[in-house]
Amino acid sequence: RRHQADMAAVSDSRASSQKPTDVAVYMFLIENDKRQGIQLPLDDGLCAEAAEIHDKMLRALRIPPDYGSAFAVWMTSPHLQIQLKGRHKPCELKKKWKAMVAKFTKASVLEIETDEPILSFQRNCFLPIKIEELIAQSKVVKLLYFEAVSNVNRHRYPLSEDDFLYLGALQCLVEVGRFETAEHNLDFMLRRVQSYIPYQIRKSTWSTAASAKMFRTRTKAQKLAISLRDKYKSMSDSYPTADVSALMMSYLKYCRHFDFYGSVFFKGQVEHVDQHKAVIIDRPDRNVRIGINHDHFHMIDSITNEILVAVPLNEINWKYCEATKEGTHCFSSFFIEYDCEEGVCNQKICSQIQIYSRQAAMMDAMVYRCANNLHMDVFDKLKKACEEAGAATFASEAKPATKKAPPAVGVLKKKMSLQSFPLCEPM
């Protein structure tokens, strides 16, 4: 089964390494409901490095070289996503892919056998938001916009329903144009709502669906379509002269208000612990997604998409512990420790969380590089080019109505294994 993201697959070429080889690289870019990809001719495709593919993509997309550090070559599949370093050879990694999926994921034997990696050109996960905010180059903005749309519509970001409606209406304005009463009626929105609102938000429970049918009331999808139409009409009236590029930048600006924007997500699990009972009842671990970007660390419930922990990277301590045994149920651990306040008296405490994951080593490497600002000099040319080009233009100055904050530590204790220790005041 092909990856659901709107990216491209690597050509599985069997040609001799001495003959020219074509490698297809696809992006999140979608136009006319078709995935966009670029066929790159490489003199020695089987031995080509990611750096060469990266440079050829810049030329093919006509992106100025100074903006190149905003993007990277990735190899991804439904089970594993890896940003490649310049020296990595994609065709060699593809041969090792099944072993990597077995090592870093909980995929079954059948899933491993059928998992196919794809080569993609997308946002550099180490790109600081403060530098990305300076980008106004239209081709770069377009690629960043479509990647953000993909992340939003695949429900990777824990947004509220109001946020999804706002971004969906803005996406509609970008792709469809200004609102027209005769053309953009409710039937039109019902056909398009799946392109603008994630399935997890649109779906109805069995009881609500049955109730809507029994009492002939509107389904959740119909209600969302009406709300989306109203938001689309209002936004079209508010920004009658905004061009597509300005609307795309406004979409990105709205997303950047959330600290988890641009995060790489890892899979893990945490223990359930009842703090009010002497005996701990054996309960299944809670599956979580760990989101890490240049500035923040987030832990998100995989089922409810609820933010459980949100901490700036410069406020945490962390440690990686490799699994002492090998086996299906033996995972490495990633520990984080951070200070917070709890209780009526706002007592300062130290909270610790243990995350079990086969991707713990990846989390450690990501946090280490971001927290220590390693290799930040690669963005110097990008920053200079943005500053010389001037400030970006936005169609809207809207901000999220509610910025999701993590629950209080007292609530977290009921949801996962979290220990708190009062901090001793210095003598």
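How many aromatic pairs does a search of the whole structure find? I ran it on this predicted model and got eleven.

**Tyr 157 and Phe 265.** I noted it as tilted, with 6.3 Å centre to centre and 50 degrees between the planes. Next I checked where the two residues sit. Tyr 157 is in the loop between α6 (138-153) and α7 (161-176), while Phe 265 belongs to strand β6 (residues 264-270), so this pair ties together parts 108 residues apart in sequence. Buried or exposed, I wondered about Tyr 157? Tyr 157 comes out at 3% relative accessibility, so I put it down as buried. Phe 265 has a relative accessible area of 9%, so that one is buried as well.

**Phe 179 and Tyr 232.** I looked at this pair next. The ring centres of Phe 179 and Tyr 232 are 5.5 Å apart and the planes are at 85 degrees; the cut-off for edge-to-face is over 60, so that's what I called it. This pair also links distant parts of the chain: Phe 179 is in the loop between α7 and α8 (186-196), Tyr 232 is in helix α11 (residues 220-238), and 53 residues separate them. I have both Phe 179 and Tyr 232 down as buried.

**Cluster.** Back to Tyr 157 and Phe 265: I found them in one aromatic cluster along with Tyr 166, Tyr 254, Phe 258, Phe 260 and Tyr 261.

**Charges over rings.** Which residue lies over the face of Phe 265? I found Arg 289 there, 4.8 Å from the ring centre. I also logged Arg 369, whose charged end sits over the ring of Phe 126 at 3.9 Å from its centre.

Terms used
Residues are numbered from 1 along each chain as its sequence is written. This is a predicted model: local features need pLDDT of at least 70, side-chain atom pairs count only at pLDDT 80 or more; totals for chains, interfaces and linings use all residues. Side-chain values use heavy atoms; hydrogens and water are left out. Rings of Phe, Tyr and Trp (its six-membered ring) pair if their centres lie within 6.5 Å; planes under 30 degrees apart count as stacked, over 60 as edge-to-face and the rest as tilted. Helices (H or I, at least four residues) and strands (E, at least two) are DSSP runs, numbered from the N terminus. Buried means under 20% relative accessible area, exposed over 50%, partly exposed in between (1.4 Å probe, protein chains only). A charge sits over a ring if NZ of Lys or CZ of Arg is within 6 Å of the ring centre and within 35 degrees of the ring normal.
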